[in-house]
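I opened the model today and kept notes on what I looked up. The entries follow in the order I made them.

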Amino acid sequence: MTKQVLRDYALVIIGATLVGIAYNLFLLPSRLAAGGISGVSTIIYEVYNISPATSQFLINIPIFILGWITLGKDFSWKALLGTFWVPLIIYLTADFPYTVTNPVLGTLYGAIILGTGLGTVFKGGGSTGGTASIAQVVKKFTGISSGYSQLIVDGMVVVSSIIVFNLELTLFALICIYLTGKTIDVVQLRTSATKLMMIITEDEASIQRIIHEQIDRGLTKVRSIGGYTNQNQTMILCVADQQEAVKIKGLLQDKEPTAFVVFLNASEVLGRGFSLNKYYGQKF
């Protein structure tokens, strides 16, 4: 096996462990059917008192076969690992003495840990089985993010749980799966506070001087034509930390008030000055 393959399987194991812990410590004690097979197993446990580890394992088998057929063998071996690993962790931590029964705390902490676990598994190219596999199938054929595909699939399970649980717990479960989906995307995209500045100006030399002298960042210049004035202009693209972006905003308002400026959140930035600390501060 290559280092990348070993890394992927390690991510699946770490993520699946977090998923199992989140379920036993927060979701099951708080009676939150927060989507997925874990939500189904919570309902089954509430009605029939069947072990969640057992019900999750049995339900995952046909869903695993679907993932094998649809998403390929490499994904399926990782999904197989996750399918066994999550119920195993749930079984091993079933009698853990420290649990949270408050639905508010269970929602917040359960969503964060569950989303972190699922996001880690997805980064490894795997799945924890159950509706996580279905969510990956949805992602493949629709192109929407892992977080939102998980949100759609899990939402259907949570809404159906209102038959067993009261409306209040169902609403908490809906909040939980929404926060889980957002956490998944944060983990996968490594959302940061960096900003992409798009500056359209007729005085590119002045803007370039401000950026170089004040924050020492590199930039990219794109020649453009104004749609209203039909005049030649320059669009300057620059990625900077949030504090640097705020500083540039103030300087532009003072020295170049006619410049058209757009600030966008940069979910993930790769390259010198951002992805590697030893290059931080260098121009690109």
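**Entry 1: the elements.** Helices (H or I, at least four residues) and strands (E, at least two) are DSSP runs, numbered from the N terminus. With that rule I read the order of elements from the N terminus as α-α-α-α-α-α-α-α-β-α-β-β-α-β. The protein chain has ten helices and four strands. I noted that this is a predicted model, where local features need pLDDT of at least 70, side-chain atom pairs count only at pLDDT 80 or more, and totals for chains, interfaces and linings use all residues. Residues are numbered from 1 along each chain as its sequence is written, and side-chain values use heavy atoms, with hydrogens and water left out.

**Entry 2: burial.** I call a residue buried under 20% relative accessible area, exposed over 50% and partly exposed in between (1.4 Å probe, protein chains only). Of the 284 residues in the protein chain, 45% are buried.

**Entry 3: the UniProt record.** I looked up the "transmembrane region" feature, which the unreviewed UniProt entry places at residues 6–26, 47–69, 75–92 and 156–180. UniProt positions are in the numbering used here, feature names are shortened, and annotations may be inferred rather than shown by experiment. I then checked two of these spans in the model. Residues 6–26 are 100% helix and 0% strand, with the end C-alpha atoms 30 Å apart. Residues 156–180 are 76% helix and 0% strand, and here the end C-alpha atoms lie 15 Å apart.

**Entry 4: cavities.** Rolling a probe the size of a water molecule over the atoms shows where empty space is left. On a 1 Å grid over the protein atoms alone, a cavity is a set of points where a 1.4 Å probe fits but cannot get out; lining residues have an atom within 4 Å of a point. Grid points are joined across faces, edges and corners, and a volume is the space filled by probe spheres set on the points. My search of the whole structure gave two cavities of 30 Å³ or more. The largest cavity has a volume of about 210 Å³.

Which residues lie nearest the centre of the largest cavity? I found Val19, Gly36, Ile37, Ser38 and Thr128, out of 20 lining residues. Several helices supply at least two lining residues each, among them α2 (36–48), α3 (52–71) and α8 (167–189). The most come from α2, with three residues.

**Entry 5: aromatic pairs.** Rings of Phe, Tyr and Trp (its six-membered ring) pair if their centres lie within 6.5 Å; planes under 30 degrees apart are stacked, over 60 edge-to-face, and the rest tilted. I counted three aromatic pairs in the structure. Phe26 and Tyr109 are stacked, because their ring centres are 6.1 Å apart and their planes are at 20°. Phe26 lies in helix α1 (residues 3–27) and Tyr109 in helix α5, so the pair ties together parts 83 residues apart in sequence. Phe26 is buried, at 10% relative accessible area, whereas Tyr109 is partly exposed, at 46%.

Phe57 and Phe84 form a tilted pair, 5.2 Å centre to centre with 50° between the planes. This pair links Phe57 in helix α3 to Phe84 in helix α4 (residues 73–92), 27 residues apart. Phe57 is partly exposed, at 29% relative accessibility, and Phe84 is partly exposed, at 45%.

**Entry 6: cysteines.** I searched the whole structure for disulfides (a pair of cysteine sulfur atoms within 2.5 Å) and found zero. Cys176 is buried, with a relative accessible area of 0%. Cys238 is buried, at 1%.

Notes
1 Å grid on protein atoms, 1.4 Å probe; cavity = no way out; pocket = protein on both sides within 12 Å on 5 of 7 lines; lining within 4 Å.
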